[in-house]
Amino acid sequence: MNATPLVRRPLGCLKNSLRQARQLKESRLLVARGMATTTTETTGSEAPPPPRHHVFQIIDRKTKKTRTAFAIYKPAIKPSLPTLKELPPILSPPKLNKPPSNPLPALHAEQIKKMDPTGARTRLFAKTRGAARVGDILMVTHRRSGEPFSGVLIEIRRRGIDTAILLRNHLAKVGVEMWFKIYNKNVAGIEIVKRAKKRARRARLTYMRKAKHDRCDVSAAVFAWKKTRKVTTIKASAKKAAKGGKNAAGKKAK
Amino acid sequence: MAPRLPARCCWRQLSLAGASTPRTALIFAPQIQKSSFSKTAISPVKYGWSTTLPKRGAKPYKYDQTTSGLPALTTGPAAALERRKNTTPVRAGVIAVKKGMTAFFGNRGARIPCTVLQLDQVQALANKTREKNGYFAVQVGFGDRKADNVGAPMLGWYEAKGIPPKEKVAEFKVRDESGLLPPGVQLQPDWFHVGQWVDVRADCKGKGFAGGMKRHGFAGQEASHGNSKNHRTIGSSGPSQGSGSRVLPGKKMPGRMGGQRVTVQNLPVLMVNNELGIVVVKGCVAGPKGAHVLIQDAVKKPPPPQEFIQKTRKLLDQRFPNAEEYLEAARKQHLVLKEARAQGRIDQMLKKGVTATDEIESLLQARITAPEVVA
């Protein structure tokens, strides 16, 4: 990213821009630090590896003398503890693979990479400026059902690969809510029809289920949006327009 | 279990003494006797006095009883093992921790809910054999436990195996000796085959003392129509005078709910990953996140292909080629340390630095030549 977009932006978002620049700087620093640690590791390999076993002593409380002691076949936490020396090196205990304490983030990342290679779906619901937010009107094209479903986004349930969104609309004057798993291949495209005027101050807009706050039918907004889109993409072939849902979402997020 | 002399030594002794001596007679022998083995069973009691007969209700130690020309018994340990042959898995299982649930998505849009189970430093600890214990099983340990939190007897047990103390230990029955594992080998997620079926068992969430509605799905009582303070109570607990005016045994009533062992059978394995240490199975598994879970090949489905089983065994050998020698070395070392502890010399030994290589040989010699001195 270069500095030119900073200049082009209106003054109102200067604070945000500055924040972004600061983050960029920090991330650069992190990268540099990361490289530094790798180099020190390689130099550190010359030192002898710590012994893989030690002796655990049970000390008598009254006499403060070693009552008894046992060999423990794992590295000592404190280096001062006595170790066993007589096991020849070939017979040192097997090195055990210790997995990360929380494997789920890595698993999610792997699955998301598989299901969303372009990263468009992830970006559309990331916690960034361009992304969709609660209160926006979205349109989801589903492979199985014929008509695309549009509605107000009232909740984003962030669960890695299992991330889902909840849309609310009125069909035939009846409130209808639909959950969509954003990484599901059946969800062919998600488009932002209309942005919310103000940032919602709740994470879940469940108050919209009350008649007082309900935004009811969103078809008017969808119709208006479709009209503007037709004007801009009038030259595009019909085929392209039909499958353009996913791409459009990606472009918007960028 | 107090560690014996290295197993090999025992067997060598045995073959010298005469092949006709039953193996089982030796197993409970408290010490190795050089010249002659008594043909009567030796009491398993080590300290104090005892009669030669085993305690009533003690484990039978002659599992292979020969019947003199009579048809094979349909009861007893041998018959029981034979009967359970087909429902005992071929291989040992592993202990894991439930990390949570997530989903996999198919290319055609199918969502498959799945549970992530993680293996942490899972090692085979010991084997149980037909001759010694009456059945074949593998003891498996999970995780890591601070030595401070382990009692002295167990520290000695782990010392003899050359394995660090474990957070959780469980036993997995296997069909025959081909399923036994060398102690010390680490079992990793690739022990399982993607696509195979497993049985997963864990303790389910406890619900405490629950009423009849929650525990047995009773309908409860009316909200109105004159009902007074009995909306969720169970109704009648049985008929009256004509049927004996008693509550029949087994009547469903309020009580402790949950917290029992639950086995979920035939879960397909969707994914294994050694780096993350995870086995992902389809569907749900009992218990909260962080619960210990036992995974073993499914009983009601065919085991994984024979080639795969052989491959996993080979992998184990590759990863820990000198398992047997290592166990032997650890045992020898344990004998020396044990001796030092018994004589109260362990403190001096530590001060000198534990260098006991010469001592091992001398001690072994002493044990073999003059067992009464050591005893």
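Mentor: Rings of Phe, Tyr and Trp pair if their centres lie within 6.5 Å. This structure is a predicted model.

Trainee: Which residues form one aromatic cluster?

Mentor: Rings count as a pair when their centres lie within 6.5 Å. The cluster is made up of residues from chain A and chain B, namely A:Tyr73, B:Phe320 and B:Tyr326.

Trainee: What kind of aromatic pair do B:Trp157 and B:Tyr158 make?

Mentor: The whole structure holds four aromatic pairs over all chains. In B:Trp157 and B:Tyr158 the ring centres are 5.3 Å apart and the planes stand at 80 degrees. Planes over 60 degrees apart count as edge-to-face. The pair is therefore edge-to-face.

Trainee: How many residues does each chain bring to the contact between chain A and chain B?

Mentor: Chain A and chain B bury about 4,300 Å² between them, with 62% of it on carbon and sulfur atoms. The contact takes 48 residues from chain A and 57 residues from chain B.

Trainee: How far apart are the closest N and O atoms of A:Asp162 and B:Arg111?

Mentor: Across the interface of chain A and chain B there are three salt bridges. A:Asp162 and B:Arg111 form a salt bridge, and the distance between their closest N and O atoms is 2.6 Å.

Trainee: How are the residues on the side of chain A that touches chain B divided into nonpolar, polar and charged?

Mentor: Between chain A and chain B, 15 residue pairs are in polar contact. On the chain A side, β1 (54–59), β2 (66–72) and α3 (104–115) each supply at least two residues. The residues of that side divide into 25 nonpolar, eleven polar and twelve charged.

Trainee: How many residues apart in sequence are the parts that A:Arg195 and A:Asp136 tie together?

Mentor: A:Arg195 and A:Asp136 form a salt bridge, with their closest N and O atoms 3.7 Å apart. A:Arg195 lies in the loop between β7 (187–194) and α5 (219–232) of chain A, and A:Asp136 lies in the loop between α4 (120–124) and β3 (137–142) of chain A, so the parts tied together are 59 residues apart in sequence.

Trainee: Is A:Asp136 buried or exposed?

Mentor: Buried means under 20% relative accessible area. A:Asp136 has a relative accessible area of 2%, so A:Asp136 is buried.

Trainee: Which residues do salt bridges that share partners join into one network with A:Arg168?

Mentor: A:Arg168 forms a salt bridge with A:Glu177, with the closest N and O atoms 2.8 Å apart. At 9% relative accessibility A:Arg168 is buried, while A:Glu177 at 27% is partly exposed. Shared partners join A:Arg168 into one network with A:Glu177, A:Arg209 and A:Asp214.

Key:
Residues numbered from 1 in each chain as written. Chains lettered and ligands numbered in written order. Predicted model: local features only at pLDDT ≥ 70, side-chain atom pairs only at ≥ 80, totals over all residues. Heavy atoms only, no water. Contact = heavy atoms within 4.5 Å. Buried area = accessible area lost by both parts, 1.4 Å probe. Salt bridge = Lys/Arg side-chain N within 4 Å of Asp/Glu carboxyl O. Polar contact = N/O pair within 3.5 Å; in protein donor to acceptor, adjacent residues only side chain to side chain. Helix = DSSP H or I, 4+ residues; strand = E, 2+ residues; numbered from the N terminus. Nonpolar A, V, L, I, M, F, W, Y, C, P; charged D, E, K, R; others polar. Phe/Tyr/Trp six-rings, centres within 6.5 Å; stacked < 30°, edge-to-face > 60°. Buried < 20%, exposed > 50% of the residue type's maximum accessible area, 1.4 Å probe, protein only.
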